[in-house]
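Me: I should like to learn how to read a protein structure step by step. May we take one feature at a time?

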Amino acid sequence: MKLNGKVTDALNFFQGNEPHALTREYGSPLYVYNERIFRKSCRDIKGMCEYPKFFVNYSVKANSNLTLLKIAREEGLRADATSQGEAVAILAAGYQPEEIFYVVNNVSAAELNFAVEKNITVSVDSLSQLETFGQLNPGKRVSVRLNPGIGAGHHEKVVTGGDRTKFGVNEAYIPDIKRILEKYDLKLAGINQHIGSLIMDGSLFLAGVQNLLKIARQFDDLDFIDLGGGFGVPYQKQEGEEPLDIESLGKLLSKFMHEFSESYGKELRFMVEPGRYIPAESGVLLGTVHAIKNNGFVKYAGTDLGFSVFARPMLYDAHHDIEVYRDSDEIMEHPIKMINIVGNMCESGDYIARERYLPALRVGDVLGVLDAGAYGYAMSSQYNYRARPAEVLICEDGTRKLIRRRDTYEDMLANMIF
Ligand SMILES: Cc1ncc(COP(=O)(O)O)c(C=O)c1O
């Protein structure tokens, strides 16, 4: 029985699968994804711009489960990798090298060479890495990540443009970029940017785009321009937070793309690289309440949702709506109480949600952490020697499928040499 399941009910998220039954079958905690919602997000982004050479590279850092990567490809998305490991996962999911864009940050020569050998387009984000690339691969195609001078995002840790970030090359260094390109006979195939994450105000994204397009005119023969990701999702749906107006944003972007191509004299490819937007809303993390206690005036629900399972609240003070599911049909009043929801890690910062007003919780209740599909499993760890949870997909027809099994202690011990 759902005590406050308004959001998942409206989406028909579980499609008849009871949260308690899911945790009984696959263990708690558990990541649950909904295929229908995942596909819809892919389609929303893919359809946002009518510009004919518009491509979406799903930034798989947000969620690199191979089943989800395959579905994204079926929906016509390409992929963006930020590490060799991600590129390996993308290839394993069946993407072709030309469908992958590898946006590196401070990687080894070996990582750069891996991409070149696989025929994957690389974007470097410093003069120094451009120099390394040129030394190793003279005459090849490369992209450079620029910093358009504008940053955005929900937390200082996710702002990746502007004057306080390690990312991108500032416009002032364009003469140096050109010098290195010439020195190694490199072809600048494209330029790219990414200004930050969880942008809910399209005008900031557009301002970054306009700056990048201005900068782009300083290069003669680009094949593509990648405008970055960062498209936000509303994390406070219980409070009625509105989604990003992706349709209006897409219309303006299309207009910019057409205008730019016309004046540049070439219909070049435009790309975006959304991470969060694709899987965030298709994922709910289920966990179980194991203890209730009062410490002084403060009430706590102790759960198995430690930050090894879900790091965003601890890392970014991120808000995630919480739903409560009870394994009983008893009709009774469920008074609303203020409570902190904490995990089981040996760390005092181990919060999932602070000062939430929820139906009075009991041991055995299952909690749903909403919008947990992006940067959820991807950021999980085995800290405190805890096994990472399983991942389950609710397929379009409502059947469920295990798409990653829970770690076993054998897995965890396997790499030890003793
Ligand atoms: C280079 C790059 N591209 C794309 C993304 C995806 O960002 P988001 O999940 O906010 O869309 C990131 C995230 O940090 C990134 O660093």
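Predicted model: local features only at pLDDT ≥ 70, side-chain atom pairs only at ≥ 80, totals over all residues.

Me: Is Pro-274 buried or exposed?

Reply: One counts the other C-beta atoms within 10 Å, and 20 or more make a residue buried. Pro-274 has 28 C-beta neighbours inside 10 Å, so Pro-274 counts as buried.

Me: Which residues does Pro-274 touch, leaving out those up to four places away in sequence?

Reply: Pro-274 touches Ile-45, Val-56, Tyr-58, Ser-59, Gly-229 and Phe-231. Leu-393, by comparison, is 119 residues from Pro-274 in sequence, and their C-alpha atoms are 21 Å apart in space.

Me: Which residues come nearest to the ligand?

Reply: There are 18 residues around the ligand, and Ser-59, Ser-197, Gly-229, Gly-275 and Arg-276 come nearest. By class, the shell around the ligand holds 6 nonpolar, 8 polar and 4 charged residues.

Me: How many helices and strands does the protein have?

Reply: The protein has 12 helices and 20 strands. Its radius of gyration is 23 Å, close to the 22 Å that the globule rule gives for 418 residues, so the protein is as compact as a globular protein of that length. The C-alpha trace spans about 70 × 55 × 45 Å along its principal axes.

Me: What share of the residues is buried, and what share of the contacts joins residues at least 24 apart?

Reply: Buried residues make up 43% of the 418 residues. Among contacts between residues at least 6 apart in sequence, 71% join residues at least 24 apart.

Me: How should I read a helix?

Reply: An α-helix has 3.6 residues a turn, so residues three or four places apart point the same way. Consider helix α3 (residues 35-46) as a case. At 1.5 Å a residue, its 12 residues should span 16 Å, and its end C-alpha atoms are 16 Å apart, which agrees.

Me: Which residues of α3 are buried?

Reply: They are Glu-35, Phe-38, Ser-41, Cys-42 and Ile-45. Seen down the axis of α3, these buried residues fall within an arc of 130°, so they line one face of the helix. The elements that cover them include β1 (30-34), β2 (54-59), α4 (66-74), α10 (246-264) and β19 (390-394).

Me: May we apply this reading to another helix?

Reply: In α2 (19-26), the buried residues are Pro-19, Leu-22, Thr-23 and Tyr-26. They cover an arc of only 95° around the axis, which puts them on the same side of α2. They pack against β1, β13 (283-295), β15 (322-325), β18 (366-369), β19 and β20 (400-404).

Me: What does Tyr-26 contact, apart from its neighbours within four places in sequence?

Reply: Tyr-26 is in contact with Ala-390, Val-392 and Leu-402. Tyr-26 has 20 other C-beta atoms within 10 Å, and is therefore buried. The C-alpha atoms of Tyr-26 and Ala-62 are separated by 23 Å, although the two residues are 36 apart along the chain.

Me: What follows α2?

Reply: Gly-27 follows α2, with a positive phi near 90°. Next comes a point about the peptide bond: the one from Ser-28 to Pro-29 is cis, with omega near 0°. Pro-29 lies in the loop between α2 and β1.

Me: How should I judge such backbone angles?

Reply: Most residues other than glycine have a negative phi, and most peptide bonds are trans. Asn-106 has a positive phi of about 60° although it is not a glycine. Asp-185, also a residue other than glycine, has a positive phi near 55°.

Me: Where are Asn-106 and Asp-185 found?

Reply: Asn-106 is in the loop between β4 (100-103) and α6 (109-118), while Asp-185 is in the loop between α8 (174-183) and β9 (187-192).

Me: Are Asn-106 and Asp-185 buried or exposed?

Reply: A residue with 12 or fewer such neighbours counts as exposed. Asn-106 has 12 other C-beta atoms within 10 Å and is therefore exposed. Asp-185, with 10 C-beta neighbours inside 10 Å, also counts as exposed.

Technical notes
Residues numbered from 1 in each chain as written. Near = placed C-beta within 6 Å. Nonpolar A, V, L, I, M, F, W, Y, C, P; charged D, E, K, R; others polar. Helix = DSSP H or I, 4+ residues; strand = E, 2+ residues; numbered from the N terminus. Rg over C-alpha atoms; globule rule 2.2 N^0.38 Å. Contact = placed C-beta atoms within 7 Å. Expected span 1.5 Å × (residues − 1). Arc of directions from axis to C-beta.
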